[in-house]
Amino acid sequence: MTPIQRARQGDPDAFAVLFEQYKNLVFKTAYLMLGTTADAEDALQQVFIRVHRSLPEYDPRKGAFTTWLYRVTLNHCLNQRRQWRFHVPLDALIKTPAAPASSIDIAEEESIRQAIRELSDKQRAVVILRYYWELSYSEISDILNIPLGTVKSRLDLALKTLRRALSDNADLPNSIQVEVYP
Amino acid sequence: MTCEQTQSLLNAYLDNELTPSERARVQTHLQSCANCQNELAQLSTLQTRVRTTLQHRAAAVQPPAHAWQTLAPKIKSSTPLPHPVHGGTLVRKPLFIGAVVAVLVLTLIGVWITRNATPVSAQEILNRSAHSQQNTQPQQGIQHTQTKIYFNPHAVPPPKQVPGEPRTTLMDSYRDPRTGYYRSVARNTDTNQITDVNGFDGLNLYTANHEDGVDVVTTVYRTPQVGGVPEMIKKQQMVRSGNGIKDGAALNMTDQELFERMRATSANTSATEEQWENGRKVYVLHMTVTEDDVNKASGEKLELRMSSDLYFDAETYAVLGQANYNDRDGQSTLFYSSRIILQETLPADTIVAWDMTDLTDVQIVDDAQGQFGDQLPGPITADELAKRTTHAYLLSAVPAGFTLTLTAPPNPRPKEPDIYIADYRDADDNYFVIQGGMGGPTEVKNQNDLYTTQSGLKVYFDGRPTYEMPYLNATVVAPDGTQFLIAGKLPLERMQELAEQLVQVK
């Protein structure tokens, strides 16, 4: 029996295994959606409490566990963002330093990061599922419960928005070029 | 198709999400429209940047170590009701990007080697991994490894179908790290017939003659090597893996780092424990890989679902084996496995028949001119290379801080004059390698990361560097149809910059 099947029957050890197995999926998705580690940590807890409670409702015949897990995670994030809109201005979000990038242009990465952050929540969700998790359009359509055509148009729109935002930012005087090669 | 219609499909085109007929129409339009080609290139660059940014951001954070301790008490109070479990196979979906990149990288390096520039035994990658300290400490003695390999051609995921019957072979390998000599002989465990031979005795390379559709080897070519023992054979830098075997040394990390990273990075990798043949404890990483491919005959898009178990020694983290499954239609069928069942270091004075004279059931055929067997690459100058072929490319100048090692088969076969390896490397082991001699045009699979140089070279980057796997490789197609590979441990922008400096040798 898989850990999911055992967890569905109430086996606490199996749930711990599930948590270990999928914590990165939830945490990284939430972090990319919400922008701070504090919020991602909170999402990790909330999502797994929700998963634990709803596991009996999950029907493996209707789709993969990960499809369901992405959905629960994104729903949590979208609700979070809705609440924030009334409380916290977006610019107040804390910036987390990125990994030591081997990119030669840190400024460019920062501008992409900002452009992604400024996408609508729905657009950001498809961008993360497609370009971070590398899911197919049909998987994204299952997760978000939207038609394939909508996945495609939403991605198109998101990339157009990103492109526009980046070309607007291109001339910013404070862009720094870091040369890391001999 | 108009430009507007084409451009509305370019994103899905890059994402490989068009129907075959849409795809064909887009391609036809692209061939004759510079404007849309330009649009495609820009979109591709944007996608790459978005990916890189997301990867860098996500790689910078990890779930807190105490997350489970925080969660456990909260869920105790809400135990779910037992629920009847229905049958059915769970389809596991997300990609482990790093692993996929590793597979692509190693497969590509594998392609180089099967293009007979560097005949390193198929098993070397496993052997090397098992002796991962070797690079830091000179080894005393001769390494002996036995590996059991199962292969079921019928279960190989389409379209990679290959002929033959399921078989298990036992590969017996010896290596002397002091000299670089090696020998590897595989036999079918049912019939005891030889299925593969390769080796190096310091003077000759031994290469099995594989006839199409025949598993049994009856002829082995003995090819004299005039170039001496290349450093890379001694250092075992080169890897051969058409089988997607991953190991730490190949990725510049220890096996334990590889294990930890693979376990931690993938959302869908799980680890369990098992007992190995010799009673030792091993960790098993289970991972799922999906790969898009296209059936060349029908143009039908195929989504390959494979899963892979990778076995690590629980103490040393050496990679002990791998099993690949074809997950199709709810069934998981083993199609390849490779398990190291014995590993020992024999005294340095152990006599090993490096020259294969003990093999009575094969005929050793001298191949003085290197026309049949493999050749180790020897040093060559750019002028000499230019005399052989006009299809070789090098950088216009050696980049500052780098040195160039240019090697090629000493006696190129008439049909393959353009095999060479140009290895530009700096003191920190950052490299940019050009491998020529791709033979005829091959299908360029990944259209996602096309970069076109000023001189019109089309550079198709295959896979993307990630924080975990900072490697890049690409197939380069010149306007006259010449193809070659480049690979580098350098960021994309730097690779593109160097690609701009590629010139034909004259």
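The structure is a predicted model. Chain A contains eight helices and zero strands, while in chain B the strand S4 pairs with strand S3 and also with strand S5. The largest nonpolar core has 75 residues.

**Chain A as a whole**

- The elements of chain A, read from the N terminus, follow the order α-α-α-α-α-α-α-α.
- Of the 182 residues in chain A, 55% are buried.
- When contacts in chain A between residues at least 6 apart in sequence are considered, 63% of them join residues at least 24 apart.

**A:Gln123 in helix H6 of chain A**

- A:Gln123 lies in helix H6 of chain A, which spans residues 121–132.
- A:Gln123 counts as buried because its relative accessibility is 11%, and the cut-off for buried is under 20%.
- Leaving aside residues up to four places away in sequence, A:Gln123 touches A:Arg154, A:Leu157, A:Ala158 and A:Thr161.

- Strand S3 of chain B (residues 181–188) pairs with S4(B) in the antiparallel sense, over six bridges.
- In S4(B), B:Ile194 is the residue that B:Arg187 stands opposite.
- A hairpin is formed by S3(B) and S4(B), with five residues between them; in its turn, B:Asn192 has a positive phi of about 65°.
- The pairing of S4(B) with strand S5 of chain B (residues 204–208) is likewise antiparallel and runs over three bridges.
- B:Phe200 stands opposite B:Leu205, which belongs to S5(B).
- S4(B) and S5(B) also form a hairpin, with three residues between the strands, and B:Gly202 in this hairpin takes a positive phi near 100°.

**Nonpolar cores**

- In soluble globular proteins, nonpolar side chains tend to be buried together.
- Within the largest nonpolar core, of 75 residues, those with the most contacts inside it are A:Phe15, A:Val51, A:Phe65, B:Val50 and B:Leu54.
- Helix H2 of chain A (residues 12–34) gives the most to this core, contributing 13 residues.

Note on methods. Residues numbered from 1 in each chain as written. Chains lettered and ligands numbered in written order. Predicted model: local features only at pLDDT ≥ 70, side-chain atom pairs only at ≥ 80, totals over all residues. Heavy atoms only, no water. Helix = DSSP H or I, 4+ residues; strand = E, 2+ residues; numbered from the N terminus. Buried < 20%, exposed > 50% of the residue type's maximum accessible area, 1.4 Å probe, protein only. Contact = heavy atoms within 4.5 Å. Pairing = 2+ DSSP bridges. Core = buried A, V, L, I, M, F, W, Y, C linked by side-chain atoms within 4.5 Å.
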